[in-house]
Amino acid sequence: MTDILLKRLTIVSVLLLLIVLITVLCIVWTMPDSKQIDANTNICLKHNNNNVQCGETTELLHALFEKEILSAYIEAETREKNQTKTYIEDALKHDVKLMSDYKNTLWDMKPSAKLVGIHEKQDHISGNNSMTTVTCWRHDKDLYYTTGFQRYGIRFQNGRLIVPVSGTYYIYSFLGLTERRLTDEGIPLESNNMHEIKHAMHKYNVLDTVDMEIASNLQSRKNASRGYFNYYASQISTLAKLHAGDEISIKLSDVTLLKHTGNNYFGLHLI
């Protein structure tokens, strides 16, 4: 009895297997002819409506990315507008004068700085008449208890003031210069440097890598017949269109004249 059942089960299994094979063959035979896709240069994408689109990989992916990026941008822009609108409406409910306070805050927070001179020997190479950056300035915390200041993003580095935002700036500088004429015994000193004294403002940006002069003052050396010293005063100021990251510096043709620097200053502010 058991043998008979086993034989019947075997026959049934074989019949089922044959039916499956025949079904698969029928499906394959009835499939329409389709063009083979080159996997290296072509791709097929399935859309939300279940349609399949095939074509060049670069073109299809480019179109897909443009569609997705545009959709994400529109969504983010809409969300930001809604959040801003909600914030303003909520602020107005509490009688907050948002726009007036915002404008007043911006007006008071314009970047500005004024550096004052510090009694520090300026590095100088003997016989070098090229323009040298003046670095003997008080800055940052050293400006406490002085007439100087640094406000709202202005940074100091290597003798330069770095502006944080683009705009039109008023830039100014004053240098008091001293040249010894006689020794303590009253003997005249012969100056080895008879070149004119040049005091200039320069602009530099790390992206342009160009150091450009934006204003300068040039004066001849004195040939005084009285006193132990020759004194020079040089002041320059200008308006300049600056970009965020621009670095403004003061340069002098003869930094040996920087002996009494306490009254010197250098500053700028956004207008």
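Modeller: Happy to. The structure holds 7 salt bridges, where a salt bridge is a side-chain nitrogen of Lys or Arg within 4 Å of a carboxyl oxygen of Asp or Glu. Before we zoom in, keep in mind that this is a predicted model, in which local features need pLDDT of at least 70, side-chain atom pairs count only at pLDDT 80 or more, and totals for chains, interfaces and linings use all residues. Residues are numbered from 1 along each chain as its sequence is written, and side-chain values use heavy atoms, with hydrogens and water left out.

Let's start at Arg-160. Arg-160 forms a salt bridge with Glu-247, and the closest N and O atoms are 3.0 Å apart. Arg-160 lies in strand β8 (residues 160–162) and Glu-247 in strand β13 (residues 247–252), so this pair ties together parts that are 87 residues apart in sequence. Strands here are DSSP runs of E with at least two residues, while helices are runs of H or I with at least four, and both are numbered from the N terminus. Arg-160 and Glu-247 are both buried; buried means under 20% relative accessible area, exposed means over 50%, and partly exposed is in between, with a 1.4 Å probe and protein chains only.

A network of salt bridges links Arg-160, Asp-211, Glu-247 and Lys-251. For a charge to sit over a ring, NZ of Lys or CZ of Arg has to be within 6 Å of the ring centre and within 35 degrees of the ring normal. Arg-151 does this as well, lying over the face of Phe-149 at 4.2 Å from the ring centre.

Now for two other bridges. The side chains of Glu-213 and Lys-198 meet at 2.8 Å, N to O. That pair links distant parts of the chain, with Glu-213 in strand β11 (residues 210–219) and Lys-198 in strand β10 (residues 197–205), 15 residues apart. Glu-213 is partly exposed, with a relative accessible area of 35%, and Lys-198 counts as partly exposed at 25%.

Arg-221 and Asp-254 also meet in a salt bridge, at 2.8 Å from N to O. This pair links loops: Arg-221 is in the one between β11 and β12 (229–242), Asp-254 in the one between β13 and β14, 33 residues apart. Both ends are buried, with relative accessible areas of 14% for Arg-221 and 4% for Asp-254.

Phe-174 and Tyr-265 make a stacked pair, 5.6 Å centre to centre with 25° between the planes. Phe-174 is in strand β9 (residues 167–180) and Tyr-265 in strand β14 (residues 265–270), so the pair ties together parts 91 residues apart in sequence. Tyr-265 is partly exposed, at 23% relative accessible area. Phe-174 and Tyr-265 also belong to one aromatic cluster with Tyr-170 and Tyr-172.

Notes: Rings of Phe, Tyr and Trp (its six-membered ring) pair if their centres lie within 6.5 Å; planes under 30 degrees apart count as stacked, over 60 as edge-to-face and the rest as tilted.
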